[in-house]
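Thanks for making the time this morning. I would like to walk through a few residues in one model, and I will state the cut-offs as we go.

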Amino acid sequence: MEISALQKIVKDRYFETDNAKGIYHTALWFHEEVGELSSAIASGNKENAKEEFADVLMWLLTLANIMDIDMEDAIAAYLNDAGKMPSK
Ligand SMILES: [Mg+2]
């Protein structure tokens, strides 16, 4: 599945309710899921980590949708920036 297709699915399913909550409230949910992923990684529970990776990705795409950011464009720009390394 391509990122744009996944982002559209997330938009179709969650945009209306998450946009109504607002970006800050939705960002709190995203951060909660990042915490759950960190806990799953720390515990070594791969099945739980698998679920939490998906949660984090879904909430990330929801945030991008609320801000009207096309993640496929964002990632293409990132990858085309030859000298760019992941931020730490
Ligand atoms: Mg979760």
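Let me start with Ile3, which is found in helix H1, residues 3-21, where helices are DSSP runs of H or I with at least four residues, numbered from the N terminus. Before going further, please note that this is a predicted model, in which local features need pLDDT of at least 70 and side-chain atom pairs count only at pLDDT 80 or more, while totals for chains, interfaces and linings use all residues. Residues are numbered from 1 along each chain as its sequence is written, and side-chain values use heavy atoms, with hydrogens and water left out.

Ile3 has a relative accessible area of 33%, so it counts as partly exposed; here buried means under 20%, exposed over 50%, and partly exposed in between, with a 1.4 Å probe and protein chains only. Although Ile3 and Met71 are 68 residues apart in sequence, their C-alpha atoms are 7.1 Å apart in space. Setting aside neighbours within four places in sequence, Ile3 is in contact (heavy atoms within 4.5 Å) with Met71, Glu72 and Ile75.

Turning to Glu2, this residue lies in the segment before H1 and counts as exposed because its relative accessibility is 54%.

Which residues does Glu52 touch, not counting those up to four places away in sequence? They are Glu33, Glu36, Leu37 and Ala40, and Glu52 itself is found in helix H3, residues 46-66.

Methods. Helices (H or I, at least four residues) and strands (E, at least two) are DSSP runs, numbered from the N terminus.
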